Amino acid sequence: MPDYFSLALEDRLACFFPVREECGKAFVRQRMANEGLEYRRRHRGNIRTDFRRFNDVQRMTDRGDQHLGMQRVGIVVVDGDDLIDQPHAVGRNIIKPANERRNVGCSRLGRQQGLRRREAERDVDLGTGLRQCPAGFEAIPCKRDFDANVGRNGGQLFAFKNHGFRIGRRHFGTDRPFNQIADDFDRFQKIAASFGDERRVSRHAVQQARGLELLDFLNYSRVSEKLHRLPISCWMSAEKAIFTARFQFSSRCACDDRESRSHSNLMATSDATSSPRPTADAPQAATIAVLLPLPLTEAYDYKLPSGLAPEDARPGTFVRVPLGSRVVIGVIWGDGRGDVAPAKLREILDILPMPPLSDGLRKLVDWVAAYTLSRRGAVLRMAMSVPAAFEPPRMRTVYRNGSARPARLTPARQRVLDVVADDPPRSAADLAETAGVSPGVVKGLADAGALEAVTVPDRASFERPDPARAGPALSEPQAAAAAIFRNEVAAAQFHTSVLDGVTGSGKTEVYFEAIAAALAAGRQALVLLPEIALSAQWLSRFEARFGARPAVWHSEIGQRMRRETWRAVAERRVPVVVGARSALWLPFPELGVIVVDEEHDAAYKQEEGIIYHARDMAVVRGRLEEIPVILASATPSLETVRNIEGGRYARLELPTRHGGATLPDIEAIDLRESQPPRGAWLSPPLRAALTATFEAGEQAALFLNRRGYAPLTLCRACGHRMECPNCSAWLVEHRFAGTLDCHHCGFVRPQPESCPQCEVEGKLAACGPGVERLAEEVAGLFPDIRCEIATSDTMTSPSTAQALIDRISNHEIDLVIGTQVIAKGHHFPMLTLVGVVDADLGLSGGDLRAAERTYQLLHQVAGRAGRAQRPGRVLLQTYMPDHPVMAALVSGARDAFVAEETAARAENDLPPFGRLAAFVVSGRYENAVARAANQLARIARRDMAPDAGLIVLGPAPAPFALLRGRYRYRLLVKASRKARLQAHLKGWLSTLGEVPGVRVQTDVDPYSFL
C-alpha cells in the first residue's frame, strides 16, 4: 500500500468510493465479498479483510479486473481549491445564474419549477462532470492506469451532492453495508427533491442542507473501513477535511449562515490540530486579525509578508487577503489570536492605499454587533457598502497652458487660452463649453503645443462650505442654544443635547451653528434626515447659510456618486454630509458633530438585514468618537424624554415660532355629527374651510396617509377581495395607473374587468379612500383650482421632490394632497389650512406606540400651516374627538399627553421603562416555520431562570403572516431594564442552532410589530 499518510493533509482529501452503481452488486457476487461475509459471521458482524487480500485485489484490479468484474477502486486525492470548484461544474441543463434583482438566493434548479427526481436523472449532464471534475484528482494505488470511470464517478458524486440521483436500496443488493449506503443516497434524494421551486428556497437553506447531508455522507468512511481495513484515524482526518471544504464552499458563495466554530477552518484546508503547536521557543510569525465584510462573527488570522513591518499594518487598515480560492478586501482588526500554526497561515496580499477605518467606527461595528446579536462581518459590510470605492480611480485627460504659442491666434483660440490661464486644468469638453467654442478648437491648440495634456484621477469635486459666512439673525432663545452647541463642539467631548422646539421655531438654523463650529475647527459634520424628500428644501437652506451644498447620501444617488462620496469622506475632501440612516456608517476620519433631525421619526429604524435604530446608534457613535450629538424634534420620543428626565440628555427649548409667526388653531370635526355626503370623504366644515381659503388666495393641504385610490377592492357579487399572492395584504388600487399594487412586496397586476373568483363583470368596487380618490372628489368640488398629489409615488427622487416644493412655494399649486412626505420639514408661507381626512387612522393595530406616533405625525402635519405672517388653521376629521391624542392636539397640551403616555408605559413596564426584543421566524413553508418558532419558545422557557426578569410571549403568526412569499411567526420577549437580555437571547439562539429553510431574525428594541 503506498505511503498515503505521508502526504500533507492540506494537499489531500482522500475517500474510498465504489466507482459505479454496479460496484455493490459486483462486491456481493465476487470472492472478496464472500470472504468478507464469512469474516462477518465469525467476528460478530465486522468485515475484516487482511492486508494481503487487499493487495491481491489491487493487483487483480491493475491487471484488468478479470477476477472481480468491477471497475478499479483507489484513493482519490483532491486539491482543496479544486474540490470547491467542482460543484460548480455540474449540469449545464440544471444550473442557471441567479436573478439577484428578484432576491433569489440560490441558483435556479430545474426549469423554474423545482428539481424533481426524474428530471435530475434526465438533465444532469454527466459529460460535464467527467470533463471538469477530474481536474484535481489523482489516483494513488492505481495511478498508472487510472480508469476514466473513477473520474466519471467523481463527477456523478458532485452532481449527486447538488441535485440527487435515483439511487436506492435496489441498486446495491441486500448486504447491510450497502443498504446503509442506499439509505444515505435516498436521504440525499429526498433533500434534493424537496428543494422545490426556486422562489421557495432561500440560498441559505439550500447550502445548509447540502452541507449537512455531506457530513452524513461520512457514513461511507465507516463502511470503507470495514471493507478496506483502514485505521479510523484516517477517516477522522478525512471527516475534518470534508468539514473544512464545506465551509470553504459556503464562504465562497457568501450565502451560508453556518460558520465554523474554529476560525482556522478558512485559513487552511485542514484542521490545525493535525500539526504540532508551535512551542514558546520557536520563532513566531507576526499575525494580524482581519475582519471580512461577510456574515462571519470572528476575524481571521493572517500573517504579514516578509518586508512588511507590523507598524505598517495598523488596525483599521484596508487589506486584500486570500479566502479560499478568491480574494476579498478586509480590515485589520488587531493582533491575531494565535491559535493557528504559523505554517498554516496565509499571507495578506497587499495593503490598499486608503485612509484607515477610524477607531470610533471600528468600535461601533463591535458594539452594534453585540447589541443587535449580529455578525460582526455583516455589520462591517454596512461600513464598506461601496466596493467600487476600493478600486483605483479612473484617469482622465485635462489641459493646461503649454510652452508653445499657436502660429495663428483666432478669437476662439484666445478665449480658450484665457480660460486656461485663469482656471485650473480642465477637460476638452469643459474648456470648449466655458470658452464657447467647438472641441476642435481645443484639439487644434493641443496639437500646436499651446495646450499640454495631463492625466489626472477622475474625481468628483465637492464644494467646501464657508463657516464664516453670516447667517440669519437669531432670536434670543435660538442664540442661547447656538452658543451652547458651539462650546460643546469646541470642547470635543461627548454630550447629547435635545433641541426641543415647536414647529417653525428655527431649529435648523440653530444646529447650523454647531456645524459651522465643527467646520471652523477643521472637522467634519454629519446630519441625518428621516426622509429623502426633506433634503430638497433643507439643501437650499444649507446653501443659503454656507454658500455651498453638502454631500448627499441616500439610496437614490447613482453608483458613481456613491463611490466618489464614500472615498471623498474617507479622504476628508467632504466636510459635511446630509443623508438617510445609512450615512451613519460612512468612514469619517475627523467627525466633529452628529445631528439627528426629527429624531422621533420611525424611519430611523432599519427593519431588514442588520436591525438597528439610527438615532440610538448615532448617540453610540458620538460616545465612541467623543463628539457632541444633537437630537432635534418638535415632538421628542418617549425614550428621549426619559433620557432627559434621567439626566443623560440635556434639553434646549425653543418655545415660540421664529419671526413672529403664531401656532395654528387646531379643531376637531366630529364625523358622527358632521358626516360627509354618501360616497364622499370631506365633511361639510372642511369643504367650507377649503372654499374660504381658496377665495382668500391662500393655499391648503389635505393629509391622508394612504397612497393610491383605494386600499381595498372587492367583488359585490361574491365578496372576493383582491389579495396579494405573496403577502397577507390587500392590493391597493392605483386608478391613475390602472393597476392593483402591493405596497409590501411590489407585486403589480392590471385592474381586471371581471372578478377573478366568480368572473362577473362590473361588480368590482373600491372601498375606502386614498389620495387619488380625494383628488377625484376635490376635482368635482373645485374644478378651477390647481391640485397636485404628493406621495412617494410622485416624489420618487430628490429632484422631483424639489420641483414639487418649488411649485408649491411659488404658489403654482393651490391644494396639495399628500401622505406623510409633506408632514415634516417643509416651509410654505402661503399655506394656511391643513385638513386631516382620517385622524384616527394610526390609532388601531395594537402597537404600543400607536398613540405616540399618531400625535407626533398629526402635530407635524399641523405645523405646516401658518408658518409666516398669515395665521394657520388645522381641521382634524375624527370619530373619536375625546381620545387623548385628539384632546392634546386641540388643547396644545403636549406635556400633559406625554406625562399620561409615560405613566401608562411605566405601569406596564413597557419601553422606555422596560425592554422588548422580538424573534421573527420566517420561511417558505409554514409548517417548518411554526415548528421552529415553537421549538425556540420551548428552549427559551426551559433555559430561563425564574429570577431572570424575562417573559416570553408567543409564538403567534405575525399580523402580516405572509410577507414577500415567506410565512412569519413572532415571539416577543419582555424584560426588565436590569435583565441581561442579549446574553439570554444569544444562548437561546445557540441552542436552537440552524434550522434548514428557516430564518430567525432578532429585533432588539422593536419599533414595528407587524
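This is a predicted model: local features need pLDDT of at least 70, side-chain atom pairs count only at pLDDT 80 or more; totals for chains, interfaces and linings use all residues.
User: At what angle do helix 29 and helix 30 pack?
Analyst: Axes are lines fitted to C-alpha atoms, for helices over the stretch in contact, and angles between N-to-C directions run from 0 to 180 degrees. Helix 29 spans residues 926–943 and helix 30 spans residues 981–992. Their axes lie 9 Å apart. The packing angle is about 125°.

User: What is the orientation class of this helix pair?
Analyst: Angles under 35 degrees count as roughly parallel, over 145 as roughly antiparallel, 65 to 115 as roughly perpendicular and the rest as oblique. The pair packs at about 125°. Helix 29 and helix 30 are therefore oblique.

User: Which residues of helix 30 meet helix 29?
Analyst: Contact means heavy atoms within 4.5 Å. Helix 29 contributes Ala932, Gln935, Leu936, Ile939, Ala940, Arg942 and Asp943.

User: How many residues does the largest nonpolar core have?
Analyst: Such a core is a set of buried Ala, Val, Leu, Ile, Met, Phe, Trp, Tyr and Cys residues joined through side-chain atoms within 4.5 Å. Those with the most contacts inside it are Phe318, Leu380, Leu526, Trp566, Val577 and Trp585. The largest core has 57 residues. Apart from it lies another core, with Leu638, Ala839, Met886 and Val898 among its 38 residues. For the largest, the count is 57.

User: What percentage of the protein is buried?
Analyst: Buried means under 20% relative accessible area, exposed over 50%, partly exposed in between (1.4 Å probe, protein chains only). The protein has 1010 residues. Its buried share is 53%.

User: How far apart in space are Arg464 and Val574?
Analyst: Arg464 sits in the loop between strand 9 (451–457) and helix 17 (476–491). Arg464 touches Ala548, Arg572, Arg573 and Pro575, not counting residues up to four places away in sequence. Val574 is 110 residues from Arg464 in sequence. From C-alpha to C-alpha, the distance is 7.4 Å.

User: Is Glu598 buried or exposed?
Analyst: Glu598 has a positive phi of about 50° although it is not a glycine. It lies in the loop between strand 14 (591–597) and strand 15 (605–606). With a relative accessible area of 8%, Glu598 is buried.

User: What is the relative accessibility of Arg964?
Analyst: Arg964 also has a positive phi, near 55°. Its loop joins strand 31 and strand 32 (966–975). Arg964 counts as partly exposed, at 43%.

User: Which residue does a cis peptide bond join to Pro912?
Analyst: Pro912 is in the loop between helix 28 (894–907) and strand 30 (915–923). Omega of the cis bond is about 10°. The partner is Pro911.

Conventions. Residues are numbered from 1 along each chain as its sequence is written. Side-chain values use heavy atoms; hydrogens and water are left out. Helices (H or I, at least four residues) and strands (E, at least two) are DSSP runs, numbered from the N terminus.
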